[in-house]
Amino acid sequence: MIDYKKHLLRKLMLKNIKILKEKLNKNLWTENNEILDSHLYDQRGNIKGKTSLLLLPQNTADVVEIVKVCDQYKIPIVPQGGRTGLCGGTIPNKNGKEILLSTEKMNNILEISKDNFYMIAQSGCSLCDIKNKALENNRFFPLTLPSETACTIGGNISTNAGGSAVLKYGMTKEVVEGLEVVLPNGEILNSIKNIEKDNRGFDPKYLHIGSEGTLGIITKVKLRLFPEIKKKAMAIVALDSIEDIINFLNITKNQCYEYLSAFEINSRIGLNLIKKYYNNIPIPFNNKYNWYIIFELSSYDNLDLDLKIKNIISKGLNNKIVSDAVVPQNLNQYNNIWKTRELLSEAQKIKGKSIKHDISIPINKIPIFLNKANKFLSAFHEDNILAFGHLADGNLHYNISKPEEMSDTLFNKLHKQINSNIFDLVNDLGGSFSAEHGIGLIKKKEFKKYTSKEELIIKNNFKKLLDPNNIMNPGKVYN
Amino acid sequence: MKVLVAVKRVIDYNVKIRIKQDNSGVETDNVKMSMNPFDEIAVEEAIRLKEKNIAEEVIVISIGTDNVQETIRSALAMGADRGILVKTEKELEPLNIAKIIKYFVEKEKSDLTILGKQAIDDDFNQTGQMLAGLLQYPQATFASKVIKENGSLLVTREVDGGLETLKVKLPCIVTTDLRLNEPRYASLPNIMKAKSKAIDIFQLQELNLDLENRLELLEVKGPPERGGTVKMLEGHSDLINVLKNKEGIL
Ligand SMILES: Cc1cc2nc3c(=O)[nH]c(=O)nc-3n(C[C@H](O)[C@H](O)[C@H](O)COP(=O)(O)OP(=O)(O)OC[C@H]3O[C@@H](n4cnc5c(N)ncnc54)[C@H](O)[C@@H]3O)c2cc1C
């Protein structure tokens, strides 16, 4: 009986998809298996979905046309940008009923205003193109992600992405001035305006920032630009304990808050990974300390930031908080030092399987977190536990690699237990189990468990209000 | 053994070079300057000799404006003992640079003088060789390994198809290649200490050398713009069509 119902539903779905194809211009979709297949994987290669159609709109009108038909025939859509998201948000259901809508052909920069410091672009522009376009005009778009050549600005906004510029510029939501969104019923909600201030009630664009494709398709974006950065200076600093790091952050903020643009933490274990897998990158200090901070100052004018950096570190050295420090003498060293931080994820991938956590914790509670978390991971040798990330944002990547001698089965079995221990601890300390990467497909259970009832009700109600037929990325974030 | 290392301040290797509008040279205003990478390798090699107790003193020399002191300080922060700055506003060609360095090789009685094989700004690759010629010293250029053996150096050089090892008697001139070593990072405590190391400053005129330029720079031009556009082909049939009808290959 149930099978029969399934059969009927499937037939209906195929019929509907056929209708959709007939209504659309041929260059707006493809069924080519090779192309479909390349759009079905998640970044980490852990999950794969199924689909029979990929839509490739080129502009807002195309998206409106597509969404209207999909809403009428209740065809579920999975929006895709650069597919670099880390929570499976772009993976369709395994039953094959969902179709994909990729913004990859909506990649035009529409307007840049040097004088008014903004840019308007289609949502499928890569972050890298946006940043380069700004630079060509002596402007700076601050969002900085390791995935920037592949990810799209629409994806960044849909996940409210973070990255290494959050400290100075905030999350993506802080640099978005307006959005054009095609709602699930095919209507256009446009908050791109020519004015800076508009207090006619709350701003609906905030509904869509971080909504992971569940409330509509973002088609255009208006972004805030900044003056070009003229001067940068950085150092890598060695410290003994996590408490020292927090003290050092205080010194740095007190002396240079307005210039501080990065404050990233790495450890002996992290530098060992880099040394092992990237032997062309020179390792500072022969890696003889426990913890490292890479911090960077940047300014819009030609200030002597090197001097400021030296003053901050000298203070740390005098207070015996800092053990040693390296200031790069040329851009090659500058880049190499950054690489010791930027290549950590890749290095860990080469090492093998790992359980990853992207958590945020009140900064003063980070020592408690590390202490407690390391305790219930005592079965793992310390070399397998890597803590790194955006320390000044209270954002840690806390990843546990599979020890070589441990079987895959045991590691997979421990996965759930470790996750719930860590997330419980994070929750107890007032933190979040998802600092930057969102909910998507893989964090739904945690979303329910660690979000307040009131917040869940509001979010669920908005979803129902905007998407009554549940065609926008169904099965993601919400149940 | 006393080691003299010559270093040059150049536009940082990682900076995109912009040519002046009038083609008279390249833009250097507000551009990041660093030590010539081959010279950094030379400094590193000298310091390693000192750490192995083979060299007693490492002296760094540079020629140019006051800004060049920063480059000398960088070398001192890496571990060199003291610096020499020959001050001039003049653009000097390799032969003249070699004459100035010769003056200090003789003054300091350095046993080994190490230079980069070339500076990445003008790519002349002449100074070390001319210096050896002027001094009538043996030379080993493009060194990828240096070992001291009694009164000589064994210097390995990368040549087409393999490695060549030369034995050169001290005093001598060595120029460095890229694979000789990986220069160290300068630690901040060492940068601080370097501030109190001595840099002797000489005015170029004081040296009384005949430094007439024999070369004249006429113009500097960028490489030709990369032309052409890229068109994505839609599949096999499109490819065959292009090869057949447009390119005439099939
Ligand atoms: C190496 C690496 C490093 C990373 N580092 C960071 C980091 O430091 N900080 C961080 O925050 N993230 C990081 N990420 C995650 C990822 O790059 C970002 O989340 C990025 O913003 C996603 O952009 P995308 O275009 O790839 O989106 P996708 O992965 O294609 O999509 C992400 C979500 O947004 C939806 N979506 C995409 N486009 C639209 C649209 N136009 N309209 C509506 N919904 C849409 C999708 O349905 C999906 O739910 C990293 C990823 C990688 C691979």
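**Sheet, ligand shell and chain contact in a predicted model**

In chain A, five strands make up an open sheet with the order 5-6-10-8-9, and their pairing is antiparallel; two strands are taken to pair if DSSP finds at least two bridges between them. Strands (E, at least two residues) and helices (H or I, at least four residues) are DSSP runs numbered from the N terminus. The edges of this sheet are formed by strand 5 (109–113) and strand 9 (188–190) of chain A, each of which pairs on one side only. On average, neighbouring strands of the sheet are turned by 10 degrees against each other, direction ignored. This is a predicted model, in which local features need pLDDT of at least 70 and side-chain atom pairs count only at pLDDT 80 or more, whereas totals for chains, interfaces and linings use all residues. Residues are numbered from 1 along each chain as its sequence is written, while chains are lettered from A and ligands numbered from 1 in the order in which they are written.

Within the sheet, strand 6 (residues 118–122) of chain A is joined to strand 10 of chain A by five bridges, the two running antiparallel, and A:Ala121 stands opposite A:Val221 in strand 10 of chain A. Helix 4 (residues 127–136) of chain A lies across strand 5, strand 6 and strand 10 of chain A, at about 145 degrees to strand 6 of chain A; axes are lines fitted to C-alpha atoms, for helices over the stretch in contact, and angles run from 0 to 180 degrees between N-to-C directions.

Chain A is divided into domain 1 (2–102), domain 2 (109–227) and domain 3 (231–428), with bounds that come from an automatic or database domain assignment. The C-alpha centres of domain 1 and domain 3 of chain A lie 40 Å apart. Domain 1 and domain 2 of chain A both give residues to the shell around the ligand, so the ligand shell lies between them. Of the 36 residues around the ligand, A:Gly81, A:Gly89, A:Gly154, A:Gly155 and A:Gly213 come nearest, a residue being near a molecule if its C-beta atom, placed from the backbone, lies within 6 Å of it. Strand 3 (77–80), helix 5 (153–158) and strand 10 (217–224) of chain A each supply at least two residues of this shell, and the largest share, four residues, comes from helix 5 of chain A. By class, the shell comprises eight nonpolar, 24 polar and four charged residues, where Ala, Val, Leu, Ile, Met, Phe, Trp, Tyr, Cys and Pro count as nonpolar, Asp, Glu, Lys and Arg as charged, and the others, Gly among them, as polar.

Strand 14 (residues 291–299) of chain A is largely enclosed by the rest of the structure, because eight of its nine residues are buried, that is, have 20 or more other C-beta atoms, placed from the backbone, within 10 Å of their own. Nine bridges join strand 14 to strand 12 (residues 231–239) of chain A, and seven join strand 14 to strand 13 (residues 260–267) of chain A, with an antiparallel run in the former pair and in the latter. A:Trp291 is the bridge partner of A:Leu239 and also of A:Ser267.

The contact between the chains takes 16 residues from chain B and 17 residues from chain A, contact requiring C-beta atoms, placed from the backbone, within 7 Å. Helix 5 of chain B gives the most to the side of chain B that touches chain A, with three residues.

Key: Two residues are in contact if their C-beta atoms, placed from the backbone, lie within 7 Å. A residue is buried if 20 or more other C-beta atoms lie within 10 Å of its own, exposed if 12 or fewer, and partly exposed in between; C-beta atoms are placed from the backbone.
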